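Student: I would like to go through the terms applied to a structure and check each against its definition.

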Amino acid sequence: MSELVETLRSLEIGEVPVATPTGRLVAVQGLLLESAGVRLYTGQRCRVELVDGGWLDAQVVGFRDKVSYLMPFKKAAGLATGARVLPVAGNTTLPIGRQWLGRMVNGLGEPIDGLGRLSGDAVLATTPPRVNPLKKTPVEEPLDVGVRAINAMLTLGRGQRVGLMAGSGVGKSVLLGLITRQTVADVIVVGLIGERNREVREFIEKSLGPEGLRRAVLVVAPADESPLMRIMATELCHAIAAHFRDRGQHVLLLVDSLTRYAMALREVALALGEPPATRGYPPSVFSNLPQLVESAGNGEHPDGSMSAIYTVLAEGDDQQDPVVDTARAILDGHIVLTRELAERGHYPAIDVSASISRCMAQVVPPSHAQAARKLKAALARHARVRDLIPLGAYQSGADPETDRAVRLHPHIEAFLCQGTREAAPLADCVQQLEAMMA
């Protein structure tokens, strides 16, 4: 009792809480909860009372006049009109450190792997930090991803951001797993956004494996999570990757997929009444995508890097899909996977002629770049006569370069194919490429 009295005496009169601001739930419409009676700001966390005495966590996503719009993190059940709405004071932060490696969390940073609470020696904001563009370290070193077609023909750099563009069922997730296992990086942050629940465990056991898991942090928000959780999970994995980058480590960020993030943004925007524009996507989606992507890449620390690979779903194999087109414009390169190659058993189904790495010229020697150009030229020449060869209509001798492309094509196809457990170090890939195109 005496300790309580001393504590009260030490408080200034202005610091003593005299009331708890409380709002009331006035409506539930689709994904949105409407609250009135308390002043809330966008992005603020709230707790909504349930009929059984429990509480539902939600976040303010908008307001109109004196009504605030909230969106719950989890499925809303047990709500009643007039339920109390309590704002949560202060900004949400998480403790983070090396203890996060090998762990799996949801969009709120809560562990979902049953291995206990997470701790750390630093504070992590749940939104990715902004970096002054003039202070970002340039992309100067190659990134070895262990995939022959990428290492040789589409070489990536540390700090580059690239998209895997493909329709459904052509091997995006398998390729992502191959990259995850073999990329040379200190920390790997994986965001599984909007994917099937079945794929989460499969990715951990088959794609990552015990070795990969030890240096990885997984942020998971499957398809059955609320759109707000999918948005927060995507932003959280960027914040985690930026934390390790700013401490001088080489980080690889993998997000599967950027399209599901865009779809979650669309659901929230449409629920708030924003008019649809391009193929049902409101304009705010295309302003949020660059903000997210620009938080990736290198930071101010001279020794740290943050390379990012995003899968982008081309609905109906349409490479002019609005999300695909936007991603192609804001990323530092795109790797296109085609159904035609997948149906021929060519894995990974990377169409190197339609793909590009905008940082390749900065991180490879001239001999490597020249050999890659020769291989692309050989593929283009073979494509012109490919339909003539089975018919016997192609006659060799007319063009020596075309003859050479036809002769080399089986070797090029074998070079670009790779098994899911086959290793392909960068140095070996370059050596094989230069020897083949000499």
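Tutor: What follows takes the terms one by one. The model is predicted, so local features need pLDDT of at least 70 and side-chain atom pairs count only at pLDDT 80 or more, while totals for chains, interfaces and linings use all residues. Residues are numbered from 1 along each chain as its sequence is written, and side-chain values use heavy atoms, with hydrogens and water left out.

Student: Why is A166 called buried?

Tutor: Buried means under 20% relative accessible area, exposed over 50%, and partly exposed in between (1.4 Å probe, protein chains only). A166 has 0% relative accessibility, so A166 counts as buried.

Student: Where is A166 found, and with which residues is A166 in contact?

Tutor: A166 is found in strand β12. Helices (H or I, at least four residues) and strands (E, at least two) are DSSP runs, numbered from the N terminus. Contact means heavy atoms within 4.5 Å. Leaving aside neighbours within four places in sequence, A166 is in contact with K172, V312, L313, A314 and L337.

Student: Why does D65 count as exposed?

Tutor: The relative accessibility of D65 is 74%, and therefore D65 counts as exposed. D65 lies in the loop between β4 and β5 (67–72), and its phi is near 55°, a positive value in a residue other than glycine.

Student: What makes R279 exposed?

Tutor: R279 is exposed because its relative accessible area is 52%. R279 sits in the loop between α6 and α7 and has a positive phi of about 50°, although it is not a glycine.

Student: Which residues of helix α7 are buried?

Tutor: In α7 (residues 283–294), V285, L289, L292 and V293 are buried. They cover an arc of only 90° around the axis, which puts them on the same side of α7. The arc is that of the directions from the helix axis to the C-beta atoms. An α-helix has 3.6 residues a turn, so residues three or four places apart point the same way.

Student: What covers the buried residues of α7?

Tutor: The cover includes β12 (161–166), α5 (227–245), α6 (258–271), β16 (305–313) and α8 (322–330).

Student: What makes α3 mostly covered?

Tutor: Eight of the eleven residues of α3 are buried, among them K172, L175 and L176. The buried residues of α3 pack against α2 (148–153), β12, β13 (187–193), α4, β15 (250–256) and β16.

Student: What is the volume of the largest pocket, and how many residues line it?

Tutor: On a 1 Å grid over the protein atoms alone, a cavity is a set of points where a 1.4 Å probe fits but cannot get out, and a pocket is an open set with protein on both sides within 12 Å along at least five of seven lines; lining residues have an atom within 4 Å of a point. Grid points are joined across faces, edges and corners, and a volume is the space filled by probe spheres set on the points. The largest pocket has a volume of about 870 Å³ and is lined by 32 residues, of which G43, Q59, T127, I231 and E235 lie nearest its centre.

Student: From which domains does the lining of the largest pocket draw at least three residues?

Tutor: At least three come from each of domain 1 (23–87) and domain 2 (94–362), with bounds from an automatic or database domain assignment.
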